[in-house]
Amino acid sequence: MTALRSVVLGCGSYLPQRILTNAELAARIDTSDEWIVQRTGIRQRHIAAEGEFTSHLAINAARAALADAGIDAQSIDLIVLGTSTPDNTFPATAVAVQAALGIHHGAAFDLQAVCSGFIFALSTADNFLKTGAFKRALVIGAETFSRILDWNDRGTCVLFGDGAGAVILEAQEQPGEPGDRGILTTHLRSDGRHKAKLYVDGGPSSTRTVGYLRMEGREVFKHAVGMITDVIYDAFKATGTTAEDIDWFVPHQANKRIIDASAHKLHIAPQKVVLTVDLHGNTSAASIPLALSVAVKDGRVKKGDLVLLEAMGGGFTWGSALVRW
Ligand code: UT7
């Protein structure tokens, strides 16, 4: 029996021009390039310019994805944008993207699941496409975490960066077999008991301020690998696949040690792991589509490849997606 699947038509990304190196951070606060590289794998991150907003990064990534797909923006009828750093409290940053692309039909909204934002957005768009409610979706992860960092807190400010990535999905009739192209399965989880371990200490309803990111890094670390691998086992179980079948593992880029430990536990070979955390830092919801874009552009991820995505972050939220490119 045939199945309606969300097939990836293209992807694109955008990074702000300004690169902030570990050495520059070490000149400002009590840290070192050695500590940051050893504990996280991060060497540099990109920082949005004054006046450069999350929407600007998202629009650039969206245009790159449209160009990669070779389609007209007018054919997009759904925009789902994962972000925790919107331009404004409201309206959604997604409508700024919609307006900039000259799209006046369909629907556009933001989705907030912190570092899992892209997986949650991808899953949401997938479910809308599979029901036939929309035909072509633009799924974006875009962040300017530099704006919510306490630049005096060495435990957090060295970890994050700014950027955006986007994919275009189209509802397509597929044979309904494991070899189908498109999103084969997604698995989303959250557990609010952990909400105080990674949060922003401000907000419109609580403090009427934006606030700064606060994190108990060690606590997040402790849960990360277990949560990540749990939802990946769910993806394997739902599709009858194993780690052997995976061509590319494109994880959320928070910390190289978390990525290495997850891949090791899953028995995914290191050469199948796409790593960009060294160059981008943790860009929250943007990290997966940024990494995907790099691996598509350099020819690693090709049509027909089985690509495993995962993320874990504030909330906690976590999730996985298995996609045949
Ligand atoms: O996107 C999802 C959310 N984020 C994550 O997944 C992050 C998860 N957590 C982590 O990646 C790690 O916990 C960190 C990279 C944040 C920290 O690494 P760690 O190995 O867990 O270090 P730690 O927090 O246990 O700190 C070890 C030491 C401490 O000093 P003492 O108490 O041992 O004297 C810290 O004060 O390292 C110190 N430290 C630093 N030293 C130099 C913390 N930050 C820094 C720094 N430079 N930037």
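In this predicted model, an N or O atom in the side chain of arginine 257 is 3.3 Å from an oxygen atom of the ligand. That is a polar contact, meaning a pair of N or O atoms within 3.5 Å. For arginine 39, the side-chain N or O atom is 2.8 Å from a ligand oxygen. At glycine 217, a polar backbone atom is 3.0 Å from a ligand nitrogen.

On its own the ligand exposes 950 Å², and the protein buries 76% of that (Shrake-Rupley areas, 1.4 Å probe).

A note on the basis: residues are numbered from 1 along each chain as its sequence is written, and side-chain values use heavy atoms, without hydrogens or water. Local features need pLDDT of at least 70 and side-chain atom pairs 80 or more, while totals for chains, interfaces and linings use all residues.

Now the shell. There are 23 residues around the ligand, and Thr31, Arg39, Arg218, Asn255 and Asn282 come nearest; a residue is near if one of its heavy atoms lies within 4 Å. By class, 11 are nonpolar, 7 polar and 5 charged, with Gly counted as polar and Asp, Glu, Lys and Arg as charged.

Which helix gives the most to the shell? H7 does, with 4 residues. Helices H2 (33–40), H6 (154–157), H7 (217–239) and H8 (256–266) each supply at least two; helices here are DSSP runs, H or I, of at least four residues, numbered from the N terminus.

Last, the domains. The ligand lies between domain 1 (3–174) and domain 2 (182–324), because both give residues to its shell; the bounds come from an automatic or database domain assignment.

Notes: Polar contact = N/O pair within 3.5 Å; in protein donor to acceptor, adjacent residues only side chain to side chain.
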